[in-house]
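User: I have a structure to go through for class. Can you help me read it?
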Amino acid sequence: MYKLIGPDGKQYLSEEPGALGGHRGQKLYGRLDCPSALRAIARPTGATYVKNRVFFKDEQTALAAGYRPCAVCMREHYNLWKEGKLEEALK
């Protein structure tokens with residue numbers, strides 16, 4: 001079972017792994033292979049980052065839970081989010 005965050009921001013168990021990863025403290029989400037997240041995990045203090053790591057089924061769920069796209073691995077979605085146009089673009 002995988003621990004995912006739902007649209008209400010609460011954790012639940014799923015048989016399917018998350019499609020996106022995120023950081024609870026920074027309230028952001030991105031691809032599982034995000035270079036920024038991988039660098040943070042590789043640091044000597046990476047355990048702290050991993051403790052705050054969360055996972056989402058999809059982008060709509062991450063947005064509903066109050067998270068924003070990563071400016072590194074999801075630049076286009078981040079720019080749309082900043083302009084307040086991301087949710088409309090995902091429909």
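User: How many bridges join β3 to β4, and which way do the strands run?
Analyst: This is a predicted model. In the model, β3 and β4 are joined by three bridges and run antiparallel.

User: Which residue is the bridge partner of Gly 22 in β4?
Analyst: Tyr 29 is the bridge partner of Gly 22 there.

User: What about the turn, which residue in the hairpin of β3 and β4 takes a positive phi?
Analyst: Lys 27 does, with a phi near 55 degrees. The hairpin has four residues between its strands.

User: And what does Gly 22 stand opposite in β5?
Analyst: In β5, Gly 22 stands opposite Val 54. Four bridges join β3 to β5, and these strands run antiparallel.

User: OK, what's the order of the strands in the sheet?
Analyst: The order is β5-β3-β4-β6. These four strands form an open sheet, and the pairing is mixed.

User: Which strands stand at the edges?
Analyst: β5 and β6 (68–69) do. Each has a single partner strand, so one side of each has no neighbour in the sheet.

User: Back to β3. Are its residues buried or exposed?
Analyst: Leu 20 and Gly 22 on one side are buried, and so are Gly 21 and His 23 on the other. Both faces of β3 are covered.

User: New topic. In the largest nonpolar core, which residues touch the most other members?
Analyst: Tyr 29, Phe 56 and Tyr 67 do, in a core of 17 residues. The elements giving two or more residues to this core are α1, β5 (53–56) and α3 (59–64). As background, nonpolar side chains in soluble globular proteins tend to be buried together.

User: What does Phe 56 touch?
Analyst: Leaving out residues up to four places away in sequence, Phe 56 touches several residues, including Leu 4, Ile 5, Leu 20, Gly 22, Tyr 29, Ala 62 and Tyr 67.

Key
Residues are numbered from 1 along each chain as its sequence is written. This is a predicted model: local features need pLDDT of at least 70, side-chain atom pairs count only at pLDDT 80 or more; totals for chains, interfaces and linings use all residues. Side-chain values use heavy atoms; hydrogens and water are left out. A nonpolar core is a set of buried Ala, Val, Leu, Ile, Met, Phe, Trp, Tyr and Cys residues joined through side-chain atoms within 4.5 Å. Buried means under 20% relative accessible area, exposed over 50%, partly exposed in between (1.4 Å probe, protein chains only). Contact means heavy atoms within 4.5 Å. Two strands pair if DSSP finds at least two bridges between them.
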